Amino acid sequence: MLEIKNIQKSFKDHMVLDGLDIKIEKGDVVVLIGPSGSGKTTLLRCINLLERADGGTITFNDMTADFNHMAKKETAALRKKTGFVFQNYNLFNNKTALENVALGLIHGRKMSAAEAREIAKNALDKVGLQEKYDFYPSQLSGGQQQRVGIARAFALNPYVILFDEPTSALDPELISEVLSIMKQLAQEGTTMLIVTHEMSFAQEVANHVIFMDQGKIVEQGKPEDIFLRPKEERTRQFLRRIN
Ligand code: ADP
């Protein structure tokens, strides 16, 4: 179980996360929606400790840490619990697909190169890139690059994979190949927290939807309740705007 309590984050005097609570159980697929600027990316980055939150706690099973005074050892241990899939893939352009996936295993997990290559191959097979091990990012389509990004996160075997608008940089015809890999991972029981504007995907794949606005959770629940029977006016307005 991953639990975030009362997470807060400001940039100068701009409060971006205003005391949110989130709980993710093993196998959950949680979709986070909300207007641009509502703090979704910042929330994921704080959970992954790419960004340091000002306050609140994070608990993984029996380990609890305060965001604002976290020992280096705790930071390192907690970082291993989450994988991150970036909007713009964040691949090394001078490394092959296989090397991009293997690097984190060698440096972050202290695996031998041979072991890392084996796990990286399996992860690339899983996202349908068994023919592309030795291709560089520039030789891959955007959809394929993002699938490498997903394989890289998956290979680390984290508790939860955080997806930050994984299809927003893709041409429309490439979006479905990425969504279908994500759907497959979800069906296999991968725990996922996903920021997306793909509402039909969210409705189909999520088991929990959180709507946030201005750094706060406005409403959350089952996808059918949020999308078909939203209780809050702000949720209704948001859904009307994007549909
Ligand atoms: P969302 O993902 O919902 O669009 P973000 O988390 O990206 O929202 O941003 C929330 C707010 O925080 C925005 O107003 C944004 O400008 C601000 N923000 C995000 N990152 C930074 C930063 N590094 N420095 C200053 N302001 C930031």
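Colleague: In which sense do β6 and strand β7 pair, and over how many bridges?
Modeller: Parallel, over 4 bridges; β7 covers residues 160–164. Two strands pair if DSSP finds at least two bridges between them.

Colleague: What am I looking at overall?
Modeller: A predicted model, where local features need pLDDT of at least 70, side-chain atom pairs need 80 or more, and totals for chains, interfaces and linings use all residues. Residues are numbered from 1 along each chain as its sequence is written, and side-chain values use heavy atoms, without hydrogens or water.

Colleague: Back to the sheet. What is the strand order?
Modeller: β6-β7-β8-β3-β9-β10. That makes 6 strands in an open sheet, with mixed pairing. Strands here are DSSP E runs of at least two residues, helices H or I runs of at least four, numbered from the N terminus.

Colleague: Which are the edge strands?
Modeller: β6 (82–85) and β10 (216–221). Each pairs on one side only.

Colleague: Which strands does helix α6 lie across?
Modeller: β3 (29–33), β7 and β8 (192–195). Helix α6 itself takes in residues 172–187.

Colleague: New topic. Which residues are around the ligand?
Modeller: F11, H14, V16, P35, S36, G37, S38, G39, K40, T41 and T42. Each has a heavy atom within 4 Å of the ligand.

Colleague: Which element gives the most to that shell?
Modeller: α1, with 3 residues. Both β2 (14–24) and α1 (40–47) supply at least two.

Colleague: How far is T42 from an oxygen atom of the ligand?
Modeller: A polar side-chain atom of T42 lies 2.5 Å from a ligand oxygen. With G37, a backbone N or O atom is 2.7 Å from a ligand oxygen. For a backbone N or O atom of S38, the distance to a ligand oxygen is 3.1 Å. The cut-off for such N or O pairs is 3.5 Å.

Colleague: β2 came up. What is the order of the open sheet of 4 strands?
Modeller: β2-β1-β4-β5, with antiparallel pairing. β2 and β5 (63–66) are the edge strands, each pairing on one side only.

Colleague: Over how many bridges do β1 and β2 pair?
Modeller: 8, in the antiparallel sense; strand β1 holds residues 2–11. In this pair, L2 stands opposite I24 of β2.

Colleague: Which strands does α1 touch?
Modeller: β1, β2 and β4 (55–60), as α1 packs on the sheet. Helix α2 (residues 72–79) packs on the sheet too, touching β4 and β5. Contact means heavy atoms within 4.5 Å.

Conventions:
Axes fitted to C-alpha atoms, helices over the stretch in contact; angles between N-to-C directions. Polar contact = N/O pair within 3.5 Å; in protein donor to acceptor, adjacent residues only side chain to side chain.
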